Amino acid sequence: MSSDTHHDMTDDARTDGGTATATDGSEAVSDTGPATGRIARSKVVFMRVMQNRFAVFGLMVVLLLLFTAIFADFIAPYEPAEQNYNALKEPPSLDHPFGTDQYGRDVFSRVVYGSRYAVFLGVVIVGIEMLLGVTLGLVAGYYGGLIESTIMRVVDIALSMPALVLALAIAGMLGGGLFPLIVAVSLVGWRGFARLVRGDVKSVMEEEYIDSAEAAGLSDFRTISRYVLPNAASSIIVYATLTIPTVILWSAGLSFLGMGVQPPKPEWGAILAAGRGEIDDAWWIATFPGLAIMVTVIGFNGLGDGLRDALDPRQVR
Amino acid sequence: MSEQRSTTEANRLRNGDETPLLNIDDLQVHFNTEEGTVEALDGVSLTIGRDEVLGVIGESGCGKSVTALSTMGLLQSPPAEIVGGSITYDGTELLDLSDEELNEIRGDEITMIYQDPMSSLNPVLTIGHQVKEPLLAHRDVSEDEAHERAVEMLESVGLADAERLMTEYPDALSGGMRQRVVIAMALITEPKLLIADEPTTALDVTIQAQIMDLLTDLREEFEMSVLFISHDLAVISEIADRIGVMYAGNVVEQCEMRTLFESPLHPYTRKLAESIPSLEGDTDRLPTIEGTVPELINPPSGCRFAGRCPQYIGEVCDTVEPPLETPSGIEGDQKVACHLYDEQRGEDPPWPVGEEAGGTDGVARTEGVDGS
């Protein structure tokens, strides 16, 4: 093969990535040298996400949520538990954009601080679910045989229990609060990860590059970490992104039912529960945390959808 | 071809009577399936000397790849089960090694090239990572040294602009380029034995020729032995010093490459050679072998080719499995598994042995042989 052919080929193959980077401003590209490999690839994924309006909206919501959670101290005009008996159940105004609740606390500040719970719970619980589910799924899919059957039967048994009852039972047994909430929701969610990852790993295992990794004499750990997991990663990322809103909903739900974060902590579900009784004469107490939950969930879903489309362009929309 | 011959002879002189690098002896592999036990390999014996290319030819499903995978210890078990036989590499019995011990050898001293370069590279790792992988896994080298070696290796398999390719993902490369990368990966540890399982089958004809040239060159350069598997006699004849002909899980003949064309002994080999389309004469139909390959679930006893054999000589073919051995009166190390050459028969085979078989110096694909 002549070297000319190589150039033709790679140049052709590059044009997709090339157009994407060109719109991004060529100065940045020339700074880091020619955009090859990994950089070009992440750019392509990013550009694909940016082409999807819903995903862009989702990304903005997620960024806003993160920003709010990080800078809550600066954004919130009041302390979340600060009570003002001169301003009970005041409707939204300039002083209190979301109004005040029955104890004179600023609902806006409480919702802002509540974003910390949402982010924290979303990240930690999905992290635990992934750790459990991905590990078990990987082991099951990679080794197969008896190991796989055993793990998957455990998953099946876990899946046969109604999720809400399971979560309520666990949270109830542990007595409510932040830690029981995390345990309860994590134990509900890992099952999906295990199933998904095991299926993906099984299909990756059929690929010839896994044979060639084995033929290269790589250890199991190296094969899994370099060949199996990265090839199953895109669906894990998408699933994780789409699981975060579920987890936030579940956490808020359990807190609403009194099994999670306890009032007066400003968790959205807890605020909502506390404002529920006042809905007739102070609709804003329950409405704004509810809206916050809704927007967050929709945002993460949008981002997850966008990522799925971007990471798997072959999928028919 | 003559060049190839002379190197073989030179090798033989140089190596004297050393033990072969790889010796597969009476290997029996069964696949336990729901339909029954598939006797995929029924006593396969092959030897590969040092610095020698052994071609293995046969139709689809005759056990070529199973032989290769057994050697690498990569058979999926279950369903596969090695029932008997031995595979010795450089004096070590491979079948006795644990998976960990095998990992020391495979990827280092024995490497493998797969058929389809489109699927044998990991799509999420850069070319550089993948070419470095065997070195990092088997040798005590730094990342920088591995990088340097990888670039050298990519250059020596004829890839220009190797430094840039290192950061490229496989999807940016054409099939031919990828197969070069696969070859670079397989050779970076300077293996003693390369197993090439139909390395050109998935490539188009021009790329195929380039890859064959490359393999021929590299094989000289690296002084390694090659087990070259193909169903394409033309491709094999380009590179192989000796050839093993497989049929339905048996090796039916093993001989020098040239001998295969000049004086094939086994009726199947002879039919193979005859089925090479000739440019002379005007035949309407290409010669084929009547019948089909027997089922390997409950295969016929005796010679597995008996049902299609034009030289069928009676009961002995159906009942006794012919051993693979050098018939009396044949010089060299040509071995054949056929009752035609049984000593007690004392008859000559029905064609002149050792003479030009006539007009067979051409191109043959055993696919065309598959009776239809």
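Author: One term first: two strands pair if DSSP finds at least two bridges between them. The model is a predicted one. In it, strand 1 (residues 22–33) of chain B and strand 2 of chain B pair in the antiparallel sense over 10 bridges.

Reader: Which residue in strand 2 of chain B is the bridge partner of V29(B)?

Author: L41(B) is the bridge partner of V29(B) there.

Reader: What order do the strands of that open sheet of 4 strands in chain B have?

Author: The order is 2-1-4-5, with antiparallel pairing. Strand 2 (36–48) and strand 5 (92–93) of chain B are at the edges; each has a single partner strand, so one side of each lacks a neighbour in the sheet.

Reader: Which helix packs on the sheet?

Author: Helix 2 of chain B does, touching strand 1, strand 2 and strand 4 (80–89) of chain B. The direction of helix 2 makes about 105° with that of strand 1 of chain B.

Reader: And what's in the open sheet of 7 strands in chain B, which order and what pairing?

Author: The order is 6-7-8-3-9-10-11, and the pairing is mixed. Strand 6 (110–113) and strand 11 (335–336) of chain B have a single partner strand each, so they stand at the edges with one side left without a neighbour in the sheet.

Reader: How many bridges join strand 10 of chain B to strand 11 of chain B?

Author: There are 2, and the two strands run antiparallel, with strand 10 covering residues 250–256. Q254(B) has K335(B), in strand 11 of chain B, as its bridge partner.

Reader: Which strands does helix 2 of chain B lie across, with strand 7 among them?

Author: Helix 2 (residues 64–72) of chain B lies across strand 3 (53–57), strand 6, strand 7 (193–197), strand 8 (225–230) and strand 9 (242–247) of chain B. Helix 2 runs at about 145° to strand 7 of chain B.

Reader: Domains next. How is chain B divided?

Author: Into domain 1 (1–109 + 192–372) and domain 2 (123–190). Between them, 12 residues of domain 1 of chain B are in contact with 14 residues of domain 2 of chain B.

Reader: Which helix gives the most to the side of domain 1 of chain B that touches domain 2?

Author: Helix 8 of chain B, with 6 residues. That side of domain 1 of chain B divides into 9 nonpolar, 2 polar and 1 charged residues.

Reader: At what angle do helix 7 and helix 8 of chain B pack?

Author: Helix 7 (residues 175–187) and helix 8 (residues 205–222) of chain B pack at about 15°, their axes 10 Å apart. They are therefore roughly parallel to each other. Helix 7 of chain B passes helix 8 of chain B in a right-handed crossing. Residues making the contact include I183(B) and L187(B) from helix 7 of chain B, and I211(B) and L214(B) from helix 8 of chain B.

Reader: Now chain A. How far apart are the axes of helix 6 and helix 9?

Author: Those axes are 6 Å apart, and helix 6 (residues 107–143) and helix 9 (residues 178–205) of chain A pack at an angle of about 40°. That makes helix 6 of chain A oblique to helix 9 of chain A. Their crossing is right-handed. The residues of their contact divide into 20 nonpolar, 6 polar and 4 charged.

Reader: Last one: how many residues does the contact take from chain A and chain B?

Author: 26 residues from chain A and 39 residues from chain B. On chain A, helix 1 (3–22), helix 3 (37–50), helix 10 (208–215) and helix 11 (220–256) each supply at least two residues of the side that touches chain B. That side of chain A divides into 9 nonpolar, 9 polar and 8 charged residues.

Terms used. Residues numbered from 1 in each chain as written. Chains lettered and ligands numbered in written order. Predicted model: local features only at pLDDT ≥ 70, side-chain atom pairs only at ≥ 80, totals over all residues. Contact = placed C-beta atoms within 7 Å. Nonpolar A, V, L, I, M, F, W, Y, C, P; charged D, E, K, R; others polar. Axes fitted to C-alpha atoms, helices over the stretch in contact; angles between N-to-C directions. Parallel < 35°, antiparallel > 145°, perpendicular 65-115°, else oblique. Left-handed = near helix turned anticlockwise from the far one by under 90°. Domains from an automatic or database assignment.
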